[in-house]
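Let's walk through this structure together, one feature after another. Have the sequence and the model open side by side as you read.

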Amino acid sequence: MYTEQVMDHFQNPRNMGEVENPDGVGEVGNPQCGDVMRITIKVGEGETIEDVKFKTLGCGAAIATSSMVTEMAKGKTLVEAQEISKKAVADALGGLPPQKMHCSNLASDGLKKAIEDYRTKHPEK
């Protein structure tokens, strides 16, 4: 049912936790399945994501997509990270079952909300 990449990110999640004194926070949830994600970012010079972490309460796919989106975003500019789509996250994991695609939606949406939060706090940038 799940690819090797999904299982690896579920069993060995990357960037789990919370960035200390984050520059942006994104919280998303899906009331239908109960998955909840919190993504925190630290933004450095050139509006580059220096650090990104996640906390997820949810299924294996939710944890895997959270882990993957943080890996994809780290080191990217905010503009580049904003372009990470649900399809890109799912593709990077080798695909997700159709009934689990909503999990990749949450991961990319959480990242986008963290970026929006940063921009709200730093309108001069």
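The side chains of R14 and D8 come together in a salt bridge, with N and O 2.6 Å apart; the term stands for a side-chain nitrogen of Lys or Arg within 4 Å of a carboxyl oxygen of Asp or Glu. R14 counts as partly exposed because its relative accessibility is 24%, and D8, at 30%, counts as partly exposed too. Here buried means under 20% relative accessible area, exposed means over 50%, and partly exposed lies in between, with a 1.4 Å probe and protein chains only.

Before going further, please keep in mind that this is a predicted model, in which local features need pLDDT of at least 70 and side-chain atom pairs count only at pLDDT 80 or more, while totals for chains, interfaces and linings use all residues. Residues are numbered from 1 along each chain as its sequence is written, and side-chain values use heavy atoms, with hydrogens and water left out.

How many salt bridges does a search of the whole structure find? The search finds seven. One of them joins E18 to K55, with the closest N and O atoms 3.3 Å apart. E18 sits in the loop between α1 (4-11) and β1, whereas K55 belongs to strand β3, so this pair ties together parts that are 37 residues apart in sequence. Helices (H or I, at least four residues) and strands (E, at least two) are DSSP runs, numbered from the N terminus. E18 is partly exposed at 32% relative accessibility, and K55 is partly exposed with a relative accessible area of 45%.

Another salt bridge links R38 with E27, the closest N and O atoms being 2.1 Å apart. R38 lies in strand β2 and E27 in strand β1, so the pair ties together parts that are 11 residues apart in sequence. R38 counts as partly exposed at 25% relative accessibility, as does E27 at 47%.

β1 (residues 24-30) runs antiparallel to β2, and seven bridges join the two; strands are taken as paired if DSSP finds at least two bridges between them. Within this pairing, G24 stands opposite I41 in β2. The two strands form a hairpin with four residues between them, and G34 in the turn has a positive phi of about 90°. On to the next pairing: β2 and β3 are also antiparallel, joined by nine bridges, and M37 faces T56 in β3. This hairpin has three residues between its strands, with G46 in the turn showing a positive phi of about 70°.

Is β2 mostly covered or mostly open to the outside? It is mostly covered, since seven of its 10 residues are buried. T40 is found in this strand and counts as buried because its relative accessibility is 1%. The T40 side chain reaches the backbone nitrogen of V19 at 2.9 Å. Leaving aside neighbours within four places in sequence, T40 is in contact with residues including E18, P22, V25, D51 and K53, where contact means heavy atoms within 4.5 Å.

Leaving aside neighbours within four places in sequence, I49 is in contact with I41, A73, L78, A81 and L111, among others.

Finally, step back to the whole chain. Its secondary structure comes to five helices and three strands, running α-β-β-β-α-α-α-α from the N terminus on. The radius of gyration of the chain is 13 Å, close to the 14 Å that the globule rule gives for 125 residues, so the chain is as compact as a globular protein of that length. That radius is taken over C-alpha atoms, and the rule is 2.2 Å times the number of residues to the power 0.38. Of the 125 residues, 42% count as buried.

Methods. Polar contact = N/O pair within 3.5 Å; in protein donor to acceptor, adjacent residues only side chain to side chain.
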